[in-house]
Amino acid sequence: MQKIGVIGGGTMGAGIAEVCIKAGSEVIIIEAKPEFVESAQKRVSTSLGKAVSRGKISQEDADAALARLTVTVDYDTLADRDLVIEAAPENLDLKRQIFARLDEVTSAEAILATNTSSIPVIQVATATKKPARVVGVHFFNPVPVMPLVEIISTLVTDEKIADTVADYVKNTLGKTVVRAGDQSGFIVNALLIPYLCQAIRMYASGYATAEDIDAAMVGGCGYPMGPLTLCDTVGLDIALAASESLYAEFGEPHLAPPPLLRRMVEAGQLGRKSGQGFYNYSK
């Protein structure tokens with residue numbers, strides 16, 4: 001697979017596009033609006049520039065990678081893509097609309113993938129006429145740095161398709177692949193989100209400060225960062241969406257979003273990307 005499409009040029013989509021073009025694939029990013037095109041292009045070029053400055057890639061290779069990237073709003077350009085990866089916000093209705101559109105413009109041989117972090121993949125796949133060719137391909141943020149990708153097969157996914165995607169992610173992109181069944185949260189978020197929610201409940205109760213909760217898990221458990229810092233890094237809106245998906249799937253009380261998490265998202269306090277979360281990043 002050398003011709004890749006990516007739906008959405010935000011943080012995740014740009015990161016996915018970057019690792020693909022660095023690996024030699026030709027990538028088309030589809031943006032929702034014309035005014036977003038330049039921003040998506042800049043995200044990729046800026047990230048590559050940082051990689052050059054850190055000695056991770058040569059300027060020549062960075063320039064060659066950028067030459068393999070196209071950003072547009074025209075879905076029809078995806079007609080020749082081998083694999084299209086959707087990296088839109090965690091909204092099921094939106095994802096289903098995108099996959100219905102992809103079903104119209106891609107070839108019968110194209111593989112369609114969703115980067116959802118928590119929505120059961122079959123709920124997206126059934127928006128197409130070829131759900132057997134739909135898989136979950138869950139990258140982690142920041143995509144150029146994080147080594148893991150979850151590959152999710154639904155009850156109807158053709159396993160040869162899933163194997164083909166896993167081979168591309170592992171042997172072309174150089175990522176570590178784990179395979180998961182199609183339940184909300186898959187492996188990582190099914191374990192991580194309850195932990196983050198419990199940390200938020202502890203903080204909201206006044207039992208401990210954000211700083212002490214984070215310091216305890218870093219110093220006492222060896223985690224690279226504490227749960228509230230991780231929430232801010234991931235984005236509180238993403239954590240909320242994942243928690244809602246898990247709760248809808250399993251109905252267990254400990255999976256329900258903490259009220260404080262919901263209030264912070266409603267207030268626009270999304271973490272690092274908004275400048276305010278459990279910590280202030282305005283400086």
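Reader: Which residues does Ser243 touch, not counting residues up to four places away in sequence?
Author: In this predicted model, Ser243 lies in helix H10, which spans residues 236-250. Once residues up to four places away in sequence are set aside, the residues that Ser243 touches are Ile193, Cys197, Leu255, Ala256 and Pro257.

Reader: Is Ser243 buried or exposed?
Author: A residue counts as buried under 20% relative accessible area. The relative accessible area of Ser243 is 0%, so Ser243 is buried.

Reader: How much of the chain is helix and how much is strand over residues 185-281?
Author: UniProt, in an unreviewed entry, lists residues 185-281 as "domain: 3-hydroxyacyl-CoA dehydrogenase C-terminal". The end C-alpha atoms of this stretch are 28 Å apart. Its composition is 62% helix and 0% strand.

Reader: Where do helices H8 and H9 stand relative to each other, roughly parallel or roughly perpendicular?
Author: Two packed helices are described by the angle between their axes and the distance between the axes. The axes of H8 (residues 210-221) and H9 (residues 227-234) come within 7 Å and cross at roughly 100°. Angles of 65 to 115 degrees count as roughly perpendicular. H8 is therefore roughly perpendicular to H9.

Reader: How do the residues of the contact of H8 with H9 divide into nonpolar, polar and charged?
Author: H8 contributes Ala210, Ile213, Asp214 and Met217 to the contact, and H9 contributes Pro227, Leu228 and Thr229. These residues divide into five nonpolar, one polar and one charged.

Reader: Which strands are the edge strands of the open sheet?
Author: Eight strands form the open sheet, in the order E3-E2-E1-E4-E5-E6-E7-E8, with mixed pairing. From one strand to the next, the twist averages 25°. An edge strand pairs on one side only, and the strands in that position are E3 (69-72) and E8 (176-180).

Reader: What is the bridge partner of Val6 in E2?
Author: Strand E1 covers residues 3-7, and four of its five residues are buried. E1 runs parallel to E2, and five bridges join them. Within this pairing, the partner of Val6 is Ile29.

Reader: What is the bridge partner of Ile85 in E5?
Author: Strands of a sheet pair through backbone hydrogen bonds, either parallel or antiparallel. Strands E4 (residues 83-86) and E5 (residues 111-114) pair in the parallel sense over four bridges. In E5, Ile85 has as its bridge partner Ala113.

Reader: At what angle does helix H2 run to E3?
Author: Helix H2 (residues 37-53) lies across strands E2 (26-30) and E3. Its angle to E3 is about 155°.

Methods. Residues are numbered from 1 along each chain as its sequence is written. This is a predicted model: local features need pLDDT of at least 70, side-chain atom pairs count only at pLDDT 80 or more; totals for chains, interfaces and linings use all residues. Side-chain values use heavy atoms; hydrogens and water are left out. Axes are lines fitted to C-alpha atoms, for helices over the stretch in contact, and angles run from 0 to 180 degrees between N-to-C directions. Helices (H or I, at least four residues) and strands (E, at least two) are DSSP runs, numbered from the N terminus. Angles under 35 degrees count as roughly parallel, over 145 as roughly antiparallel, 65 to 115 as roughly perpendicular and the rest as oblique. Contact means heavy atoms within 4.5 Å. Ala, Val, Leu, Ile, Met, Phe, Trp, Tyr, Cys and Pro count as nonpolar, Asp, Glu, Lys and Arg as charged, and the others, Gly among them, as polar. UniProt positions are given in the numbering used here, feature names are shortened, and annotations may be inferred rather than shown by experiment. Buried means under 20% relative accessible area, exposed over 50%, partly exposed in between (1.4 Å probe, protein chains only). Two strands pair if DSSP finds at least two bridges between them.
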